[in-house]
Amino acid sequence: MKGVSGWFTLKGKSVNSIAYSFHRLTGIVLLLYLIAHLSFLTSLRIGEETYTAFISITVRPETLPLDSLLFLATFYHAFNGLRVVLNEFGLLYEARKVLIYLMTLLALLFWLYSTYMMYVFLTG
Amino acid sequence: MEREVLFRIRRFDGEKEYWQDFRFTARKGMTVLEGLYFIKENLDGSLAFRASCRMGICGSCAVKINGKPRLACETQIFDVGDVLEIEPLDNMPVLKDLIVDMDGFFRKHEAVKPYLIRKDDDYENPKELLQTPKELHAYYDFSLCIKCGACYSACPASATRSDYLGPAAITAAYRFCADSRDEGREDRLALVSGSEGVWRCHFNAECSEVCPKSIEPAKAIQKMRLMSAIHMIKSIFR
Ligand code: SF4
Ligand code: FES
């Protein structure tokens, strides 16, 4: 058996595998984010100052690229996940490649718009 | 037309794995399998690989060519290029050079009961089982599998779970479940409805990309999944 490397091997593979690998990668990123997010929220139990101190580390213009990447991972995972759900219900599997391109395009559009909105929010 | 090509072959002698380069002059139309025979006959007699029919029927010659599982007998060298990296299939233990142990793959195939099951089996008095063209087309494409293992090699779910039935076995299960003459659907659904069956597939669909018979195992798995879901819901109300 090839093991976990089989999830990320792209040599000789099609766009299906690229989508699959990115889905796994973005899933891991979102899991790490969820852990950080829940840790931040749990810090409220210690006190509001602790929470505010934590938030001040991450909500500032310098961390905008990280937030932006997080949004990219989120939108990619969400839209590609939608495609997988459709395909796994037995719908549109013949159009799977077109759907990959379409969903990636949608994810990119949502990502650009959200990054712009965050930039406007942070810079006033 | 002739030109020099390089075959980089990933070899295994039972203990160590290594790459070995072979250069020779290939001619137009020469297949990868013919290249392998040329090497065995002229350059290194110890090279081991499987082949039988040389015409895409037996499924023995599947290897990875530049990363993609393909039938060596159906792939022309010049269609790939001048440098070909040839490796054994993934997700199966390598026995020697390009030969993998397909025992587990065939056992999984066997496990899904890939044959017609009839309650009225009577070999003494065989009877004709009629089918309409529509009934035939419901499963015909899926009956073309040659058990080459290319789909199994490309499948990321098979890469991490040795108990996953894999695309070929589930396709075989679907082929018989979709056959109007078959009466073994319940048996097979029980076999493929677990986490080692249809629910393990995460729809990478690479199996459909590499299948040399264009069978679309990914489609068969999703159809089997729907059948399995309906079966599970029905069984709750039974
Ligand atoms: S489904 Fe296709 S790739 Fe898989 S074993 Fe059968 S012929 Fe080979
Ligand atoms: S040798 Fe039989 S399929 Fe290639």
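Chain A holds 5 helices and 0 strands, where helices (H or I) are DSSP runs of at least four residues and strands (E) of at least two, numbered from the N terminus. Its radius of gyration is 18 Å, well over the 14 Å that the globule rule gives for 124 residues, so chain A is more spread out than a compact globule; the radius is taken over C-alpha atoms, and the rule is 2.2 Å times the number of residues to the power 0.38. The model is predicted, with pLDDT of at least 70 needed for local features and 80 or more for side-chain atom pairs, while totals for chains, interfaces and linings use all residues. Residues are numbered from 1 along each chain as its sequence is written, chains are lettered from A in the order in which they are written, and side-chain values use heavy atoms, without hydrogens and water.

The C-alpha trace of chain A spans about 55 × 35 × 30 Å along its principal axes. Of the 124 residues in chain A, 30% are buried (under 20% relative accessible area, with a 1.4 Å probe and protein chains only). Among contacts in chain A with a separation of 6 or more, 61% join residues 24 or more positions apart, a contact being heavy atoms within 4.5 Å.

Turning to chain B, B:Asp182 sits in the loop between α7 (167-177) and α8 (185-192). This residue is buried, at a relative accessible area of 11%. A polar atom of the B:Asp182 side chain lies 2.8 Å from the backbone nitrogen of B:Gly184. Leaving aside residues up to four places away in sequence, B:Asp182 touches B:Tyr115, B:Leu116, B:Ile117, B:Phe176 and B:Arg188.

Definitions and conventions
Buried < 20%, exposed > 50% of the residue type's maximum accessible area, 1.4 Å probe, protein only. Polar contact = N/O pair within 3.5 Å; in protein donor to acceptor, adjacent residues only side chain to side chain.
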